[in-house]
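The entries follow the order of my reading.

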Amino acid sequence: MNSAADDGRMTSTISGATVHRALRRVAIVLATLLAARAGAVPLPPAAGGAAPISNSVDETAFIWNCPTGAPGCFPGPQTRVGDVRVGDPIADLCHGNFSGRLKNLVWNQTGRAGAAERTGFLYQSTLSSKSQRDSCYTSGVELTAIFLGATQRLCPYNTCGSTGRVPRDNMNWVMREFCNVDRGSVNWRLVVAYNKTTNGPLTAGFVNEAALDDPFRRTQVNCDLI
């Protein structure tokens with residue numbers, strides 16, 4: 001002990017650089033411990049997560065394969081692919097302003113012939129609730145797995161028609177997953193895809209989980225809300 005210690009003051013003989021290195025080591029150890037702990041506890045959902053809501057229509061509304069006209073649709077002009085009637089249970093996935101037209105991506109969960117489990121876009125004005133705030137461009141979870149030329153389908157079955165196909169070799173494409181659903185022995189992901197350079201063409205549909213490079217990483221909620 002030196003004289004400073006004798007009168008109640010402690011002085012250090014360690015250099016400032018040494019103290020700085022010691023503090024850095026402590027910070028690294030703490031960060032490592034926190035990272036290890038994070039792997040052992042549930043993490044909150046991603047900020048970009050989607051929240052599909054139950055909705056209905058006030059009048060019969062047509063479902064379209066994409067929210068805009070040609071040339072923004074796949075494989076050709078905008079096509080009517082079904083309808084939603086008053087009382088049909090629908091999951092309302094997201095919304096957007098497409099060329100000045102407000103439309104929502106919905107999934108009609110009805111078993112009615114000609115409209116059974118169809119997904120597509122309808123005019124927002126026909127919906128009973130306008131409370132969906134998730135954007136079709138920014139919500140959902142962005143998929144980092146690469147599609148193997150996967151086809152987006154109108155409904156979660158291999159027999160359903162296609163609404164789009166995402167090029168595997170085009171790095172400009174963004175794919176966002178909004179929900180998933182099991183049908184038989186297959187898990188289907190309801191996915192929106194668009195070119196980030198042009199914000200279009202935007203396509204949406206169910207993709208067979210087997211078409212993903214990482215088929216077991218389910219990042220979103222169940223589409224069956226009803």
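Entry 1. Why is the disulfide of Cys94 and Cys136 right-handed? I found that the torsion about the S-S bond of this pair is about 95°, so the link is right-handed. A disulfide here is a pair of cysteine sulfur atoms within 2.5 Å. I noted that the sulfur atoms of Cys94 and Cys136 are 2.2 Å apart.

Entry 2. I recorded the basis of the values. This is a predicted model, in which local features need pLDDT of at least 70 and side-chain atom pairs count only at pLDDT 80 or more, whereas totals for chains, interfaces and linings use all residues. Residues are numbered from 1 along each chain as its sequence is written, and side-chain values use heavy atoms, with hydrogens and water left out.

Entry 3. I looked up where the two cysteines lie. Strands (E, at least two residues) and helices (H or I, at least four) are DSSP runs, numbered from the N terminus. A disulfide joins Cys94 to Cys136. Cys94 lies in strand E4 (residues 90-98) and Cys136 in the loop between strand E6 (119-123) and strand E7 (141-142), so the pair ties together parts that are 42 residues apart in sequence. Both Cys94 and Cys136 are buried, where buried means under 20% relative accessible area, exposed over 50% and partly exposed in between (1.4 Å probe, protein chains only).

Entry 4. How many disulfides does the structure hold? I found three. One of them joins Cys155 and Cys160, with the sulfur atoms 1.6 Å apart. This link is left-handed, with -75° about the S-S bond, and both Cys155 and Cys160 are buried.

Entry 5. I then turned to Cys179 and Cys223, a disulfide with an S to S distance of 2.0 Å. The torsion about its S-S bond is 100°, and the link is right-handed. Cys179 lies in strand E10 (residues 173-183) and Cys223 in the segment after strand E12 (203-208), so the pair ties together parts that are 44 residues apart in sequence. Both Cys179 and Cys223 are buried.

Entry 6. I returned to E4. Seven of its nine residues are buried, so E4 is largely enclosed by the rest of the structure. Two strands pair if DSSP finds at least two bridges between them. Strand E1 (residues 53-55) runs antiparallel to E4, with three bridges, and Ser54 stands opposite Ala91. E4 also pairs with strand E5 (residues 101-108) in the antiparallel sense, over eight bridges; there, Ile90 has Asn108 as its bridge partner.
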